[in-house]
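Please open the model in your viewer and keep the selection tool at hand. The stops below go from one selection to the next.

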Amino acid sequence: MLTLFHHPMFASCRFVRLAFGEYGEELALIEEKPWTRRKEFLALNPAGTLPILLAEGDVPIVGAMVIGEYLDETRGVLKRDKRLFAEDPMGRAEIRRLTDWYLNKADSEVTRHLVRERVLKPVMPETAGGGSPDSAAIRAARANIRQHMKYTNWLAGTRQWLAGNKVTYADLAAAAALSVLDYLGEIDWREHAAAREWYARVKSRPSFRPLLSDRVRGLSPVSHYADLDF
């Protein structure tokens, strides 16, 4: 069994867990607090970032999409009907674009800030940047949510899945990011019917079940978080 160093509220880590789940593979999970900068953790990735996959031979593979590419090359190409990339180059380009949108753009504008202020700061020591949440950072992140939800709603309303006619990395990246915001109660699904219907379909997939049981100490999810019919 491969090992994933992760944090349950990082979208990039959730993306990797979903991807392996889609291929029916289990991961041994080690929850990492990157702000502690453990010597053993930095030996795997001097940048001190997550996720990190210990692959065959305990070789560390660092970064969500780097792990995704590794997974496609070692599993996806052998499972054409379940492959999370498209078979054609242009299709793969669109999947990569949307995956980057949710794991990088949405993360840098919304998810990362809300997680840091609402989830991490209360448990981090002051020497590592912990303390009271920054209300200005929270307001700025919340102001950006609507645009990302409008775009997701448009994608879900014009395509069967976000990048085309089947589930791909794009859907998993979006679901990973939005599931974090959903846990925190930051999304008003009533305003985004197409996105809500798409998210309900992703949420009902077997690969998603482990995420629905995730809990953060001292911060319970919204009441509908684990409800498949929300």
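**First stop: the sheet**

Select leucine 4, which stands opposite leucine 53 in S3. This is a predicted model, in which local features need pLDDT of at least 70 and side-chain atom pairs count only at pLDDT 80 or more, while totals for chains, interfaces and linings use all residues. Residues are numbered from 1 along each chain as its sequence is written, and side-chain values use heavy atoms, with hydrogens and water left out.

Now select strand S1 (residues 2–6) and strand S3 (residues 52–54), which pair in the antiparallel sense over three bridges; strands are DSSP runs of E with at least two residues, helices are runs of H or I with at least four, both numbered from the N terminus, and two strands pair if DSSP finds at least two bridges between them.

**Second stop: the largest pocket**

Select Phe10, Ser12, Leu50, Asp107 and Arg112, which lie nearest the centre of the largest pocket among its 26 lining residues. A pocket, on a 1 Å grid over the protein atoms alone, is an open set of points where a 1.4 Å probe fits, with protein on both sides within 12 Å along at least five of seven lines, and lining residues have an atom within 4 Å of a point.

Finally, colour helix H4 (89–120), which gives the most to this lining, with 11 residues.
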